[in-house]
Amino acid sequence: MGLGLVIASLVKVLPLFWLGIPLLWLGWRRWPLWLAGVIALLATVAWYAHAHQLFLETGLSFGFWGSKASRYSWADLLNWRYWGDILLRFSLRGLAVLGLPLLVFGLWLPKQNEAEGMLPLGLGVVLIAGALAPSSSYIHEYYQLPLLLFACPLLGKAWQKLQLKSTKIGKRWLAVALGLVLIISFTVLQLDYWSKENPNKSDIWAQAQEIKTTTPKNKPLISVTAGDPTLLYLSDRKGWLVTPEAVNNELLSALRKEGASAVVGSWNKIENYSEFKDGPVKQKLAKLLGINKNQTNGNYIIIFK
């Protein structure tokens, strides 16, 4: 368990909170749990300190901290839409709508043992952990995915209670509700996940395959995708992530000297989800890359000669 917590925290630091705190609450009198927590904390601090040192030496970073990280828009937490959208998204994609009243019912039911107190605590800690990086939490739904760790036992508890108290007709309605949950779940999977993961319908996937065939694998790229590394991941390339506003002749020259083989990006989107609107920034970028402003549509791969 301790090793799993360490690995999870090294991949993403937030599991240290939403998994570590409920576990410590569950076994606060058990010294092995405290030992596991201390090991996880020390390993995580050491790893991120090392990563930060690499950033200071090379300028390369995973974008976790700094004024340009775009993760810490605290004003979002005061906006009702921030919490409303997260609730709506989790209710639809995580609980298939009908699971929300079940979750509320499960929270309302009295605890059968002290260990159950970990479940509402876990739900709260996940939300608080997401609030530590509000912009990322709002954009990426996997920040709410850990809610299911603590919500599912409560859903099962509520369902069991309804089954025990229901009449014969009531149990039939529960079966209908279960069928609706399955239908909603598979519909959401198809519309929001499976259809979008189809490579034949993905512009960024097609561009990544073109990058693989037109650029050398051992040379980095300049990816004009702001903080989104998806294009580099899919094309199996290393490189620099830059915003369209940051691109200028000095930057291009400096990165060419560092070994950059090409500039890649899209005229339609910046971070694979943010629209690249027409305007001075797009016109300036097109001029720098030697592209006619009337041809700023689709993707681009500008190979240095």
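Trainee: Which residue in strand 2 does Ser223 stand opposite?
Mentor: Ser223 stands opposite Leu241 in strand 2. Keep in mind as we go that this is a predicted model.
Trainee: Noted! How many bridges join strand 1 to strand 2, and do they run parallel or antiparallel?
Mentor: There are 3 bridges between strand 1 and strand 2 (residues 239-241), and the two run parallel. To get from strand 1 to strand 2, the chain passes through helix 12 (residues 230-235), and this β-α-β crossover is right-handed.
Trainee: What about strand 3, how many bridges join strand 1 to it?
Mentor: Strand 3 (residues 262-266) is joined to strand 1 by 4 bridges, and these two run parallel. Within strand 3, Val263 is the bridge partner of Ile222.
Trainee: And the faces of strand 1, are they covered or open?
Mentor: Both are covered. Leu221 and Ser223 are buried on one side, and Ile222 and Val224 are buried on the other.
Trainee: How far is Thr230 from Ile204?
Mentor: Their C-alpha atoms are separated by 8.2 Å, with the two residues 26 apart along the chain.
Trainee: Changing topic: where is Ser137, and is it buried or exposed?
Mentor: Ser137 sits in helix 8 (residues 134-139). With a relative accessible area of 3%, Ser137 is buried.
Trainee: Which residues does Ser137 touch?
Mentor: Leaving out residues up to four places away in sequence, Ser137 touches Tyr82, Ile86, Arg89, Gly130, Tyr143 and Gln144.
Trainee: Nice. Now helix 13, what caps its N-terminal end?
Mentor: Asn248 does, for helix 13 (residues 249-257). One of the side-chain oxygens of Asn248 lies 3.1 Å from the backbone nitrogen of Glu250. Just after helix 13, Gly259 takes a positive phi of about 110°.
Trainee: Can we zoom out? How many helices and strands does the chain have?
Mentor: Its secondary structure comes to 14 helices and 4 strands. The chain has 305 residues, and 34% of them count as buried.
Trainee: What does the accessible surface come to?
Mentor: About 19,100 Å², with 64% of that belonging to carbon and sulfur atoms.
Trainee: Last one: what share of the contacts comes from residues 24 or more positions apart?
Mentor: Those account for 66% of the contacts with a separation of 6 or more.

How values were computed:
Residues numbered from 1 in each chain as written. Predicted model: local features only at pLDDT ≥ 70, side-chain atom pairs only at ≥ 80, totals over all residues. Heavy atoms only, no water. Buried < 20%, exposed > 50% of the residue type's maximum accessible area, 1.4 Å probe, protein only. Contact = heavy atoms within 4.5 Å. Polar contact = N/O pair within 3.5 Å; in protein donor to acceptor, adjacent residues only side chain to side chain. Pairing = 2+ DSSP bridges. Right-handed = clockwise from strand over helix to strand, strands pointing away. Areas by Shrake-Rupley, 256 points an atom, 1.4 Å probe, with all protein chains shown as cover.
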